[in-house]
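Subject: The structure I promised you

Hi there,

Here is the structure for you to look through. Please open it first, and then read on for what turned up in it.

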Amino acid sequence: MVTPLKFVGDDRALVEALRAGHPGAVAALYERHAPAVHRALRSALGPDADLPDLLQEVFLRALDNIAELDDYERLRGWLCSIAVFTARALIRRRARRAWLSVFSPQRAASQEQAPPSTEARLALREVYELLDRLPVDERMAFALRIIDGMTLPEAAEACRTSLATFKRRLARAERAFVQAAEQRPALLPWLEGGTRWTQRGQG
Amino acid sequence: MDAARTGLKAFGERAQAALEAETQPSEQIRLARAGLLERVINAPRKHAGAAVARRWYLGIAGAAAVFALALGLAMFRATDAPVAFATQSGETKIGDVLQASEDATLPVTFSEGSRLVLHRRARARVLDTEPLGARVLLEGGAVDVAVVHRPQTHWLFEAGPFRVLVRGTEFELGWQPEQQLFSLHMKSGRVEVSGACLHEPKTVDGGGSVQLSCAQPSELPHPASAQPVQESAAAQAAESEPAHAAGKPVHVASSAAPSFEQSCESASKAELVSWANRERLAGHVARARTALLALRTRFAGSSEAGTATFTLGKMAFEQQSDYAQAASWFAAYVKEQPNGPLLGDAAGRLIEAQDARGDRSGALRAARAYVRRFPDGPYSAKARSILSE
């Protein structure tokens, strides 16, 4: 395969290049921002084997709608918002199809399947089982802020909501998640000092 | 930061670290990249951004575009100007030597969308350019060529005494000057090969390969093990007379390149898995299906074969809307992989496929089996709703 010519320029030049049809711009867009988009998708959905498909879908949507981006400095945030939109759509699609499951088919919950081979894997499964039970907006808030590690403004932008609304969703998600997580032994090793969670507010 | 916030922050970091370890992010990112670039280059998108999308494969401005963009110039428009071309090092001029290094190939892109990839150590020059083509001299080594087809396309490749006239195709061209050996392997399309020692042009179609030389037979290298020849009638007629006299072409060896199906017959398990993923992500359902079927039949009983069965069902359901076929594949998985990791999902999707195709009795059977085995599974609500109808 021919490697496209390297694109050189900041995000502003990159967006202009995409609109102009520069062949290297597509590869540059992907290489520059795919890790962040992948991280956002993965944080929202867990270790899903459909992540490569979804990653591709995010960038295809972005290329389709590049003309709508009016602030070049928000390129990454805009891409992450598309990732959130894509993840949210997938979650709702799966929910319509199969009630609660949002795991990758390769990790479908089954009472007869072999348990995860490592504690970390088990804990991860528990995390996403708990997230499955949250309303999707609260799930996204928790996944982006707590797991992905986005700042509040970044996460709010990715969710296309105001900072105030995002904070309210996050607060509800944190309360619900922590309350449920305390009942899951597999998550205890991940909780930094179990008593800290039960002694909330006591500093 | 209060204690609860600190706890959550640490929790998040642990979860992220576990996600990193659980997935293979670089592999997933690489896989998606290949599919994305192939779809963007090969499949114009019909929507508000279509005008922009078309320019991706209609025009490549090469390094000149980089400079233009840096100056904030407008988009490239097709003109009457000759094609421009560039390598990763920047724009190059007619007559410049294009030399691939010892350990890397050298891609060359042209502003009308065509591209060359010089193999390692290959050497070439662009001798002339015109609005919809160019004349390229291959001085030595091999080059992969992909020429965009248009009604007026006119590309000419020279390799030793041979010329290849191209209208729109992909091929690999080789010239070994020490041995006076010309080689051509066609990937798609058709080209016409002419040369000082050819009585008439030789047509070579996609899948065909030829090796030719105008040198004396005694000067030629030992031919490699020759495969059965598949040539056009014109080529056979051109070589029916004795080819030993000086200046006559000697047909050294010719073989048809293996098709994707043939390649799948001898590929390893890992190759088939990789090809299936690549083709599926690129939207090539038929080829993905070929690779998946090969996995199933050649590596029956393996976990990869099981996953292939499930993926065939998923593709049939989601990409082809062929619910009968999807049901068949999911049922096959349930039967062949009674303890497989995808059993729950296969059994659940079987219900959906039967329901979608309108097979009431099939859906009921699948729903009963599912509820019996996975009473609290993710598809139990669906199963129960079917049973209660």
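A salt bridge here is a side-chain nitrogen of Lys or Arg within 4 Å of a carboxyl oxygen of Asp or Glu. E13(B) and K9(B) form one, with their closest N and O atoms 2.7 Å apart.

Some background before the rest. This is a predicted model, in which local features need pLDDT of at least 70 and side-chain atom pairs count only at pLDDT 80 or more, while totals for chains, interfaces and linings use all residues. Residues are numbered from 1 along each chain as its sequence is written, chains are lettered from A and ligands numbered from 1 in the order in which they are written, and side-chain values use heavy atoms, with hydrogens and water left out.

**Salt bridges**

Over all chains, the count comes to 34 salt bridges. Back to the pair above: both residues lie in helix α1 (residues 3-22) of chain B, 4 residues apart, about one turn of the helix. Helices are DSSP runs of H or I with at least four residues, numbered from the N terminus. An α-helix has 3.6 residues a turn, so residues three or four places apart point the same way.

E13(B) is partly exposed at 46% relative accessible area, and K9(B) is partly exposed at 43%. (Buried means under 20%, exposed over 50% and partly exposed in between, using a 1.4 Å probe and protein chains only.)

In chain A, D11(A) forms a salt bridge with R32(A), with 3.0 Å between the closest N and O atoms. D11(A) lies in helix α1 (residues 11-20) and R32(A) in helix α2 (residues 23-45), so this pair ties together parts that are 21 residues apart in sequence. Also in chain A, a network of salt bridges links D70(A), R74(A) and E157(A).

**A helix in chain B**

Helix α12 (residues 360-373) of chain B has 14 residues and reaches 20 Å from its first C-alpha to its last, close to the 20 Å expected at 1.5 Å a residue (the expected span is 1.5 Å times one less than the number of residues). Its buried residues, among them L364(B) and Y370(B), pack against α11 (343-356) and α13 (380-387) of chain B. Contact means heavy atoms within 4.5 Å.

**Where to be careful**

pLDDT is the predictor's confidence in each residue, from 0 to 100. Chain A has a mean pLDDT of 81, but pLDDT stays under 50 over its residues 99-115 and 193-203. Where pLDDT is low, the predicted coordinates should not be read in detail.

Happy exploring!

Note on methods:
Helix = DSSP H or I, 4+ residues; strand = E, 2+ residues; numbered from the N terminus.
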